[in-house]
Amino acid sequence: MAEGDSGLSSEGGGVTREVQHSPLYRKMTIVTHSVIFLYATAFWIQVGAMPFLSKKLGADPVVFGYLETVFAVSMLLGGPIFGRFGDLFGARAALMVAFLSSFLTYAVLAVADSIFMLFISRLCAFMMHAMHGSQMVMTDVSGFKERADALGKLGVSYGVGMVIGPTLGGYVTTLYSEQHSATVAAALCLVAMVIIMLTVPTTTKDPVKIAAADSKENKQYESGSVFNLRAIMALLAIPMVLYVLVLKTVVGVPAGIFHSMFTIINIERFQLTPETNGRLLSYVGILTMIMQGFGVGFLSKRFPDNLLIQFSIITTSLSYLVLSLADSLWFLAVVLVPMVMAGSILSTIASSAITKSVPETATGTALGLNMAIHSLIRTVAPTVGGYMYTWFGFASFGLLGFAMNGALAIATMLPRRVTRAMLSWIPGRRVSRTTTHT
């Protein structure tokens, strides 16, 4: 959108909210990065063990697909509720619940002796949102200008766990069993819970930020229970929240479909061995860590959010067009550079922007809605991706991404009056928050 049109506002209720870091910033940065590393390590241990365990217990590929769908739906339903819980009861309670949910998921896997038990473990993931919880903490303690950088750097710690987890899990599974790997994952969650209990205060929300915001808005979202769907859905009446969620949905659909079929494409189209495919996945992980750890912070401090979002969408659209022509591993590796770069920028900036557009007492709920988009896409992407690859071939992934991101790029450049008309179907929406840029 043009200057002043995107609604990436740093104001709330007419009061400027240019607040600096909380005194807890340095301490909470160390804590959140530590627990996210443990969370990612445990998660990727079970990712490696789960297919082998399900096969050992008699699950065929179809049943395994059902297990993954139940897992995604559980997290989809739990995301907004988890965010609401964090807003009402504080960061420590939210992180404890997230790791308790993770612990139960892995503990059930550790004792699983039937397919039914595997499904129970998937249901336990309802509140397994440690990344979401850590983003809530960093949102609470970071200043507006540095927020995107703070959120982006969480991806580095997650990436390190993503590298170590499968290796550690494979080693334990080879020497012992899949259940032992799940036990190690559960133990790591217990360690994280101890760290949280000893270091994270009851609430990390900065009183200075809350005082700078509109008290009526804060009270509106503070009232009610965790399951107050009216308070959760009320955030959709904020144009910027709706804008970000629509944006992430449009960008996320082709990305989710492509990612769900990535390994199959590598094997069938590019004839990659498991070892080479693993190296390619590590390559993607390294690109992501570099961009989120250094690139996002560098760019967010020098360019406005709306410009970075436009740049990311345009870059993503063109990258998909080139992707449709990829016919070799080297070609694919080159195309992945701008795709990963743009995706990292867009994901981090959008998450940062959505927290800046809501009252301080509703940032967790807003992040929950943001996370729910990913879970929703993950529930349908494998089925759609399999159909597209079977009937339309590899090029269809690139062409779909080019078309959807290209249309979105055009939409972001429309005048504000047009975007307001596009959002006017939301009952009771507010437009007064679109004032200045961060």
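Lys301 counts as exposed, with 54% relative accessibility. Exposed means over 50% relative accessible area, buried under 20%, and partly exposed in between (1.4 Å probe, protein chains only). This is a predicted model: local features need pLDDT of at least 70, side-chain atom pairs count only at pLDDT 80 or more, and totals for chains, interfaces and linings use all residues. Residues are numbered from 1 along each chain as its sequence is written, and side-chain values use heavy atoms, with hydrogens and water left out.

Lys301 has a partner. Its side chain meets that of Asp149 in a salt bridge (3.9 Å, N to O). A salt bridge here is a side-chain nitrogen of Lys or Arg within 4 Å of a carboxyl oxygen of Asp or Glu. The pair links distant parts of the chain: Asp149 sits in helix H6 (residues 147-175), and Lys301 in the loop between helix H13 (274-300) and H14, 152 residues apart. Helices are DSSP runs (H or I, at least four residues), numbered from the N terminus. Asp149 is buried, at 10% relative accessible area. Lys153 joins Asp149 and Lys301 in a network of salt bridges.

The whole structure holds four salt bridges. Another one joins the side chains of Lys56 and Glu178 (2.8 Å, N to O). Lys56 lies in helix H1 (residues 25-56) and Glu178 in helix H7 (residues 178-199), so this pair ties together parts 122 residues apart in sequence. Lys56 is partly exposed, at 47%. Glu178 is buried, at 12%. Asp305 also forms a salt bridge with Lys356, the closest N and O atoms being 3.4 Å apart. Both Asp305 and Lys356 are buried.

Now turn to the nonpolar core. Such a core is a set of buried Ala, Val, Leu, Ile, Met, Phe, Trp, Tyr and Cys residues joined through side-chain atoms within 4.5 Å. The largest has 98 residues, and Phe99, Phe394 and Phe397 have the most contacts inside it. Helix H11 (residues 239-260) gives the most to this core: eleven residues. Phe99 touches residues including Val35, Tyr39 and Cys189, leaving aside those up to four places away in sequence. Contact means heavy atoms within 4.5 Å. Cys189 is buried, at 1% relative accessibility.

The surface has a nonpolar patch too. Ile314, Leu318, Leu321, Val322, Leu399, Phe402 and Met413 form it, with about 570 Å² of accessible area together. Patch residues have over 30% relative accessible area and no salt bridge; like charges are joined within 9 Å, nonpolar side chains (Val, Leu, Ile, Met, Phe, Trp, Tyr) within 5 Å. Accessible areas come from the Shrake-Rupley method with a 1.4 Å probe; for residues, only the protein chains shown count as cover. H14 gives the largest share, four residues.

Conventions
Helices (H or I, at least four residues) and strands (E, at least two) are DSSP runs, numbered from the N terminus.
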